[in-house]
Amino acid sequence: MTGFLQNTFNGLVSGAFYALLALGLAVIFGMLRVVNFAHGAFYMLGAFGAYVLLTEAGVPFWAALVIMPLGLALLGMALERAFIHRLTRLDPLYNFLLTFGLTLILQDLVKLRYGVQSSPYETPSALSGSVDFGLFDFPTYRVFILGFAVAVCVGVWWALTRTRVGMVVRASTERPELTRAFGINVGRWVTPVFGFGIGLAGLAGVLAAPMRAVNPLMGADLIIVVFAVVVIGGLGSIFGSVAAGFGIGLVQAWGEAYLSAFPIVSQTIVFIVMAVVLLWRPAGLFGREEAPA
Amino acid sequence: MLRIENLSAWYGEAQVLREVGLEVKAGEVVTLVGRNGAGKSTLLRCVMGLHGGQRGTVELDGKDVGKLPAYKRARLGLGWVPDDRGSYATLTVTENLTLPPTVGPDPWSLERVYEAFPALYERRDSAATMLSGGEQQMLALARVLRMGARLLLCDEPTEGLSPLLVQQVGDLLREAKKHGVTVLLVEQNLHFATGVADRHYLLAEGRIAEAMDNSEVRSRERELLSYLGI
């Protein structure tokens, strides 16, 4: 029982990262119809930025948790204005080429300056140690990540469901063309939403720094699973991306724990789940077929 | 109110509209009839600014709106009622109604909408796509009336509805007309069209083939139904 609870907790922590990254991808895809292959690179920049701020300027974790998401959101908005918005009327192949190319550039810029080795980032002292849950202990930092990610997801959910801006974003994400026909300047919301999605990736990166190896390829390793999460949840579905994020975190943790005798299955379980979901529901668990304007 | 001149439209290489010209005066209800694929919905999309490949003039109140994006046209008073009803699954019924800004001098209040459509009031907190087809059609019409749109662009609002609901859609359009709202309506149901409209255009192979009044449509109903393949 203790082992199951620990695995479940670990799965939820992994799921928290997937949820934050998938949430950003979902809002970006929903509003721009652009699949942002550079999302993993921004996650890496979040972690690396926190590392550089700490080692070169002495900026602590808590400040990095604010500075990096905001800084990356601004960078994302600048990139959207300069490049991304040109993709919306083009073949999706250009979307892939630009955002994948951006990934390679960002990764190589970091590699040029800091090399490819992993850099350690110390857990903030207030979050070191562990929490006693009775049946098992769990690292305080991981408990913090889970609580923080859930709070962010709930906050985003509240903003999306209880505010006028959230209503416009939901409508624009679901049917951008139709929303324009109802007098709403969807384009005005595109840049801030792109920046918001990138900011969430940066936030996940800062949270990852103390518990994952900080290196230029850390985003590339994770993003493949995050894309599977987004597809399972339903491309563009905000709720689906969060639910699938936590769900896949759990499936992966349980698979690694209980299917270790079948490494082929345990290592590919995310993609097996994706294939089954797509066969059952081609638009994903919470996705819908594209509707016309 | 609405004047279209030499409007041509394409889907890729295929030309769908060929130098269409028509006029809808303020307060009129005018229908576009034609076979499937004649270009009726494309014409409405061109007026709304939702179709990319087009050439020609679209004037609203004497102002050329052909270069304006869809959201600016809506703010000038165009109300879009798409053929799929345009319900948002992620928005409640109330949110579907309050999403568009008010754009005209006489927008319906939410209370007035709910008074006129008690079924929508009862389902006000449900996702709009959970409504029946008829309720979603009422929602689509109520939404543009709440906007205060002055010119409604309605794409087959009676398609798939029961006779009782068709009658309700007709009552609603007549009520809107009474309050000075103008309507350009794509419609295959000739009986319905003659009951609500003042004039009719027959669109054939992307061109305006004929302009007819109600008496002409009624006298040629059998011939027209046969032509439309109904």
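Predicted model: local features only at pLDDT ≥ 70, side-chain atom pairs only at ≥ 80, totals over all residues.
Two residues are in contact if their C-beta atoms, placed from the backbone, lie within 7 Å.

**Entry 1: chain A as a whole**

I started with the contacts in chain A between residues at least 6 apart in sequence, and found that 76% of them join residues at least 24 apart. Next I looked up the secondary structure, which comes to 11 helices and 2 strands in chain A. Reading along the sequence, I wrote the pattern down as α-α-α-α-β-β-α-α-α-α-α-α-α.

Then I turned to size. The C-alpha trace of chain A spans about 55 × 50 × 35 Å along its principal axes. A compact globule with 293 residues would have a radius of gyration near 19 Å, and chain A has 19 Å, so the two agree. I also noted that 49% of the 293 residues of chain A count as buried.

**Entry 2: where the chains touch**

**Entry 3: a hairpin in chain B**

Strands β1 (residues 2–11) and β2 (residues 14–24) of chain B pair in the antiparallel sense over 7 bridges. One pair I located is B:L2 with its bridge partner B:V24 in β2(B). The hairpin of β1(B) and β2(B) has 2 residues between the strands, and there B:G12 takes a positive phi near 65°.

β1(B) also pairs with strand β4 (residues 54–60) of chain B, again antiparallel, over 6 bridges. Here I found B:A9 opposite B:Q54 in β4(B).

**Entry 4: the open sheet in chain B**

I traced 6 strands of chain B in an open sheet, in the order β6-β7-β8-β3-β9-β10, with mixed pairing. Why is one side of β6 and of β10 left without a neighbour in the sheet? Strands β6 (78–81) and β10 (207–213) of chain B stand at the edges, each with a single partner strand, so one side of each has no neighbour there. Neighbouring strands of this sheet are turned by 20° against each other on average, direction ignored.

**Entry 5: two helices of chain B**

Which strands does α1(B) lie across? My list is β3 (29–33), β6, β7, β8 (182–186) and β9 (199–204) of chain B, with the helix running at about 150° to β7(B). Is helix α1 (residues 40–48) of chain B mostly covered or mostly open? It is mostly covered, since 9 of its 9 residues are buried. Among them are B:K40 and B:R45, as well as B:L43, B:L44 and B:V47. Just after α1(B), B:G49 takes a positive phi of about 85°.

Helix α6 (residues 133–147) of chain B has 15 residues. I read a reach of 21 Å from its first C-alpha to its last, close to the 21 Å expected at 1.5 Å a residue. α6(B) is mostly covered too, with 13 of its 15 residues buried. After α6(B) comes B:G148, whose phi is positive, near 80°.

Technical notes: Residues numbered from 1 in each chain as written. Chains lettered and ligands numbered in written order. Helix = DSSP H or I, 4+ residues; strand = E, 2+ residues; numbered from the N terminus. Expected span 1.5 Å × (residues − 1). Buried ≥ 20, exposed ≤ 12 C-beta atoms within 10 Å, placed from the backbone. Pairing = 2+ DSSP bridges. Axes fitted to C-alpha atoms, helices over the stretch in contact; angles between N-to-C directions. Rg over C-alpha atoms; globule rule 2.2 N^0.38 Å.
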